[in-house]
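Visitor: I would like to go through the helix packing in this model. Please take me through it by question and answer.

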Amino acid sequence: MPLVGIGTWQYNSSTARAEVESALKLGYRHIDTALGYANQDGVGAAIRASTADADIKRRDLFVVSKIPGGLNETASASALELSLSQLFPGDPLAYVDLMLVHFPATWGGSGGKAMRQAQWRAMESFVHKGKSRAIGVSHYCRKHLDDVLAIATIRPAVNQVQYHVGMGTASGNATDDLEYMRKQGVTYESFSPLCGPCGGTDSHALITGKLVTDIGAKYGKSGPQVALKWQVQRGIPVIPKTSNLAHMRENFDLFSWNLTQADMAELTAATVPAVAGNPGPGGVPVSGDCDVD
């Protein structure tokens, strides 16, 4: 999995198509989408248009999609086929590089252990059919992962969760059990690495905030580049999204330089932007995911 990808959440099909085509021209090869984003036709069109150029082949790309959580085995199988057909219509040899279960339950919280296990069986079948190279999860905490591991014959390759500067010293509950994921050999991937969903005064802390811009000035880099590099330098893949070509180019320029240990430590110690998620005791956000049954 490439350490930097292009995200497409909240983009409509035409915006997603333009974004992905631009990203691929700049050298991106990791594309992240989902059935629930309702833009996979645009993402697929961008892939077809880009691979028509002899310089980019389908095998060079790392395409990630997701199906909704909380589905039974039959419904999961249907969702998997639908997702693939939206991305690669009419292609009998179509596959994705990674398919994820988007949430440990329905967005409303229904499902539970039995449904997670049934859904995982459908995911494994999808791999056996040659339609996904790897499978994984998103928003999963330790207890959710353990439910899958109890019956898995193919282990989850990835857990995609919200993670960003400001969460470096947060609890396992807040980070969806980062250290446990690593101990289990599950790649921990960050969505919203610039804290796009953050509200209030934190919404631009990783764009124009003093910490990241002061550090960035030492290297001739922007605040977002510093925030992304903090994760990439730790081996955590990131999928920032932007339709701005200059920002897209900056977000990809993370490999010709390194942060010092002191700068890494300062970023790890940061507590802004705040941990995302639902409030726990005392009103402090803990996680939007670990309280899901």
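Guide: Helices (H or I, at least four residues) and strands (E, at least two) are DSSP runs, numbered from the N terminus. This is a predicted model, in which local features need pLDDT of at least 70 and side-chain atom pairs count only at pLDDT 80 or more, while totals for chains, interfaces and linings use all residues. Residues are numbered from 1 along each chain as its sequence is written, and side-chain values use heavy atoms, with hydrogens and water left out.

Visitor: Which residue with positive phi follows H7?
Guide: Helix H7 covers residues 210-219. The residue that follows H7 has a phi near 70°, and this residue is Gly-220.

Visitor: How are H4 and H5 oriented to each other?
Guide: Axes are lines fitted to C-alpha atoms, for helices over the stretch in contact, and angles run from 0 to 180 degrees between N-to-C directions. H4 (residues 113-128) and H5 (residues 142-149) pack at about 55°, with axes 9 Å apart. Angles under 35 degrees count as roughly parallel, over 145 as roughly antiparallel, 65 to 115 as roughly perpendicular and the rest as oblique. The two helices are therefore oblique.

Visitor: Which residues of H5 make the contact with H4?
Guide: On the H4 side the contact is made by Lys-113, Arg-116, Gln-117 and Trp-120. On the H5 side the residues are His-144, Asp-147 and Val-148.

Visitor: What is the relative accessible area of Leu-87?
Guide: Leu-87 lies in helix H3 (residues 73-87). Leaving aside neighbours within four places in sequence, Leu-87 is in contact with residues including Val-43, Val-63 and Val-96. Leu-87 is buried, and its relative accessible area is 0%.

Visitor: How far apart in space are Leu-87 and Val-43?
Guide: In sequence, Leu-87 and Val-43 are 44 residues apart. C-alpha to C-alpha, their separation in space is 6.7 Å.

Terms used:
Buried < 20%, exposed > 50% of the residue type's maximum accessible area, 1.4 Å probe, protein only. Contact = heavy atoms within 4.5 Å.
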